[in-house]
Amino acid sequence: MNRFKARMALAGAAASLAVMIAPGAGIASADEQFRVGPGEVGIFDNINYTSWLGTRTPFFWRENVSSGANDRMSSWINRSNYRNSWWEHANGGGMCLPMVPNYWASAVWANENDKLTSWGTNNSAQGC
Ligand SMILES: [Ca+2]
């Protein structure tokens with residue numbers, strides 16, 4: 001087994017473990033939505049606002065998310081009064097999807113899942 005295959009095997013083991021602990025994670029995750037406070041916008045790795053990735057407060061210019069959060073967003077919460085947008089690629093590249101004000105998206109569409117790379121408030125004529 002070469003190094004690459006060894007890493008893949010470890011990744012598989014980690015994924016299996018994640019499935020095994022899912023019920024416990026579900027209980028803990030009930031609090032994760034509160035990582036997004038009034039007036040803020042937040043993104044999560046999993047559906048139903050679990051595995052929090054990050055929170056931002058409008059207004060912020062479009063920024064790429066960290067490598068750890070890249071291509072992971074599966075649900076989001078916009079508790080602000082401002083429209084946000086996210087993009088498939090860095091620096092506003094690829095498809096653009098809106099994050100409408102005061103809306104909770106418990107699960108993005110399958111073709112949007114695990115795609116978010118950049119994200120911003122719709123000010124200064126950016127966003128969709
Ligand atoms: Ca995800």
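User: What does the protein average in pLDDT, and what share of the residues score at least 70?

Analyst: The protein averages a pLDDT of 83, and 77% of the residues score at least 70, where pLDDT is the predictor's confidence in each residue, from 0 to 100. This is a predicted model, in which local features need pLDDT of at least 70 and side-chain atom pairs count only at pLDDT 80 or more, while totals for chains, interfaces and linings use all residues. Residues are numbered from 1 along each chain, as its sequence is written.

User: Over which residues does pLDDT stay under 50, and how many contacts beyond four places in sequence does the model have for them?

Analyst: Residues 1-28 keep a pLDDT under 50, and the model has 2 contacts beyond four places in sequence for them; a contact means that two C-beta atoms, placed from the backbone, lie within 7 Å. Where pLDDT is low, the predicted coordinates should not be read in detail.

User: How many helices and strands does the protein have, and what pattern does it follow along the sequence?

Analyst: There are 2 helices and 8 strands, and along the sequence they follow the pattern α-α-β-β-β-β-β-β-β-β. Both kinds of element are DSSP runs numbered from the N terminus, helices being H or I over at least four residues and strands being E over at least two.

User: Why does N81 count as exposed?

Analyst: N81 has 9 C-beta neighbours inside 10 Å, and a residue is exposed if 12 or fewer other C-beta atoms lie within 10 Å of its own, buried if 20 or more do, and partly exposed in between, with C-beta atoms placed from the backbone. N81 lies in the loop between β4 (75-78) and β5 (84-87), and, leaving aside neighbours within four places in sequence, N81 is in contact with P101 and N102. The C-alpha atoms of N81 and N102 are 6.2 Å apart, although 21 residues separate the two along the chain.

User: What makes S85 partly exposed?

Analyst: S85 has 19 other C-beta atoms within 10 Å, which is why S85 is partly exposed. S85 has its place in strand β5, and the bridge partner of S85 in β6 is P98. Beyond four places in sequence, the contacts of S85 include C96, L97, P98 and M99.

User: What makes β1 largely enclosed by the rest of the structure?

Analyst: In β1, 5 of the 6 residues are buried, so this strand is largely enclosed by the rest of the structure. For the protein, buried residues make up 26% of the 128 residues.

User: Which residues touch the most other members of the largest nonpolar core?

Analyst: Those residues are I43, F44, M73, W76, W86 and L116, in a core of 19 residues. A nonpolar core is a set of buried Ala, Val, Leu, Ile, Met, Phe, Trp, Tyr and Cys residues joined through C-beta atoms within 7 Å. The elements giving two or more residues to this core are β1 (41-46), β2 (50-56), β4, β5 and β6 (96-99), and β1 supplies the largest share, 3 residues. M73 touches I43, F44, L53 and L116, if residues up to four places away in sequence are not counted.

User: Why is one side of β2 and of β7 left without a neighbour in the sheet?

Analyst: The order of this open sheet of 4 strands is β2-β1-β4-β7, with antiparallel pairing, and two strands pair if DSSP finds at least two bridges between them. β2 and β7 (103-105) stand at the edges with a single partner strand each, so one side of each has no neighbour in the sheet. Antiparallel β1 and β2 are joined by 5 bridges, and β1 and β4 pair over 4 bridges. F44 stands opposite W52 in β2 and opposite S75 in β4.
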